[in-house]
Amino acid sequence: MTKPSLTALAARTLPRYTSYPTAPHFRALSADDYARWLGTLPAGLEHSLYLHVPYCRSLCWYCGCHMRVENRYARIRPYVEAMKHELLLLGERLVGRPRLTHLHWGGGTPSILSGEDFMSVMKKVREVFEVSPDAELAIEIDPRQLSDELVAALGESGINRASLGVQDFSPKVQEAIHREQSYEVVASAVERLRAAGVKGVNFDLMYGLPYQGEAEVRRTAELAVGLRPDRLAVFGYAHVPWMKRHQQVIPDAALPGEAERLAQADIAAEVLTAAGYQAIGLDHFARPEDEMALAWREGRLHRNFQGYTTDKAEVLLPVGASAIGRLPQGFVQNEPDIARYIRRVQAGQLPLSRGLATSREDGLRAAVIEKVMSAAEVDVGALCREWGFPEETLDESLEATRPLEAEGLLAREGRRLSIPQGARRFLRHIAAAFDAYLESGAGRHSKAV
C-alpha cells in the first residue's frame, strides 16, 4: 500500500519540466529580438525543428493540446502554405544553410494532412536546411486518420519514427474520452508504417483516465507490447478543466484518485519492464537496444517540449501556430491564434507571440533540472563550477530537497543527488526544488503523478 505521505506528494501540481523556465513564465518578446537571435547564431550549430499542425477531425476530451476541430480540408490548405512561408522566413534570417539533425511533427493531428501537402512542406524543409543523413524525422499520428496516401508520403520523405496515440484499448474508457479506436486500427497502422519504411514506432499510453482501473491499464499495456513498439510513453492524464474547458464534460467522480493513479502507473511499468523494456526517467520505456535506452544508460539523454529525446541540438526552431522553440539566447513561442498566425506570415513577419531571454542562472538551473529529469542523478556543485558559479550557489535549493530525502525519494552525498528506481515517479518534485520561478504564481499545473 502506498504511504499517505507519497499519495499527498502525488496530488501536488507541478510543471512537467519539458523546459526551464517553463512556458507559463514566458512574456512579451519582440519579433526583432527573435530575428537578431537567429542572425547571430554561430555557424556549425546543430538545429532541430518542430512543426505544429493544430487541426483534428474530432475532439478527444482528455486533450490538452493547442488544436481546433476542422472537417473541411480546404480550410487547412492556407495553413500549410503559411508553414512553408514561415520556413522561408526562417531561412532568410539564419546564417547559411544549417544542419538539421532532428525534426518533429506535432499537433493536433499532423496525420490529418494529405500526402501531397505533407511532401510539399518536407521539400521546403530540405530547401532551407541541410538534413543530416542520420537525422531523426518523426511524426505524431492518430491511427484513425492515416491514409495510404500519407503513409506512402512518410516513407518517401524519409520519416523514420512515428508516435501513435493509443491511450487505452478499453471501449468504456474510449467512450468516456471520446476517442473510439480499436486494437485492429492501431495494429493496421503499425503494419502499414513499417512496410513503408518507418521503422521506429512509439506508443503513447495514459493512466488516470475516466472509468479506467488497474485491469484496463494492464490489458492495454499487454496488448501494446504485442505490437512490438520500440518506445512507449505512459503519461498521467492531466485534468485541467480551468484551462481546457472541454474537459469539464469528464465528471470528477469518474477519475481515479491519487493512490489509484500511482497503482496504475506501477502496473504499466510492471508489464513493460517484464516484457524487456528499459524504464527511462519519469514515464518512458524503450527496448534495451534502442538509442533512447542507450542514451539513458550513458547519461546523455535530453528533455524538450516533446518529452524525453536523444536530440542534442542547441537550436530548436518552431514552425506553426503556438509552436515553441529554444535558442541559446532563450525561448520563443509563435502566435497561437491560427488566423493571426497566417496573416502575420503572409505579411512577411516572424509570427512571434512571446518568449523569454534567459540568464546565466536560468541556464544553470535548467542544467540541474535536466540532469534530474533525464539522468536521475546530478552533481549540483560540479554543474555550478561548470557554469562559472561558486559550487555553493544552489545550496538553498539542495536544502529544499531534505523532506524528499527523508521520504527515501533521493540519496544525497555532499552536493550530489541520486534518485533510486522506485522513486522516479517523483522526479518532478526534486526538479521543483531548483525552480526559482515556481512560487511566482504564473500558471496552474497538472498533478505530479
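1. Which residues does alanine 31 touch, not counting residues up to four places away in sequence? Please keep in mind throughout that this is a predicted model. Alanine 31 is found in helix α2, which covers residues 31-39, and with those sequence neighbours set aside it touches Arg344, Leu350 and Leu352. Alanine 31 is partly exposed, since its relative accessible area is 26%. As a sense of scale, alanine 31 and alanine 254 are 223 residues apart in sequence, and their C-alpha atoms are 45 Å apart in space.

2. With a relative accessibility of 3%, tyrosine 17 counts as buried. Proline 21 has its place in the loop between α1 (4-10) and α2 as well, and a cis peptide bond, with omega about -10°, joins tyrosine 20 to proline 21. Such places are worth checking because most residues other than glycine have a negative phi, and most peptide bonds are trans.

3. The bond from glycine 107 to glycine 108 is cis, with omega near 20°, and glycine 108 is found in the loop between β4 and α4. Tyrosine 211, a residue other than glycine, has a phi near 60°, and its place is in the loop between β7 and α8. At 41% relative accessibility, tyrosine 211 counts as partly exposed.

4. Serine 111 lies in the loop between β4 and α4, and at 4% relative accessibility it counts as buried. Once its neighbours within four places in sequence are left aside, serine 111 is in contact with Glu140, Ile141, Asp142, Gln145 and Leu150. For one of these contacts the separation can be stated: serine 111 and aspartate 142 are 31 residues apart in sequence, yet 6.5 Å apart in space, C-alpha to C-alpha.

5. Helix α4 can be checked for its length. It has 14 residues, 115-128, and at 1.5 Å a residue it should span 20 Å, which agrees with the 20 Å between its end C-alpha atoms. The buried residues in α4 are Gly115, Asp117, Phe118, Val121, Met122, Lys124, Val125 and Val128.

6. How many disulfides does a search of the whole structure find? The search finds 0. Cysteine 56 is in no disulfide, and the nearest cysteine sulfur, that of cysteine 63, is 6.1 Å away. Cysteine 60 is likewise in no disulfide, with the sulfur of cysteine 63 again the nearest, at 6.5 Å. Cysteine 56 is buried, with a relative accessible area of 9%, and cysteine 60 is buried too, with a value of 8%.

7. The second largest pocket has a volume of about 940 Å³. Of the 35 residues that line it, the closest to its centre are Arg326, Ala366, Ala367, Glu370 and Trp387. The elements that give two or more residues to this lining are the strands β11 (302-304), β14 (324-327) and β15 (330-334), and the helices α12 (360-375) and α13 (380-386). The largest share, 9 residues, comes from α12, and by class the lining has 14 nonpolar, 11 polar and 10 charged residues.

8. Among the residues lining the second largest cavity are Gln167, Asp168, Leu205, Met206, Thr220 and Ala268. The elements that give two or more residues to this lining are β7 (200-207) and α8 (214-226), and α8 gives the most, with 4 residues. By class, this cavity's lining has 6 nonpolar, 3 polar and 2 charged residues.

Conventions: Residues numbered from 1 in each chain as written. Predicted model: local features only at pLDDT ≥ 70, side-chain atom pairs only at ≥ 80, totals over all residues. Heavy atoms only, no water. Expected span 1.5 Å × (residues − 1). Buried < 20%, exposed > 50% of the residue type's maximum accessible area, 1.4 Å probe, protein only. 1 Å grid on protein atoms, 1.4 Å probe; cavity = no way out; pocket = protein on both sides within 12 Å on 5 of 7 lines; lining within 4 Å. Points joined across faces, edges and corners; volume = space filled by probe spheres on them. Nonpolar A, V, L, I, M, F, W, Y, C, P; charged D, E, K, R; others polar. Disulfide = S-S within 2.5 Å. Contact = heavy atoms within 4.5 Å.
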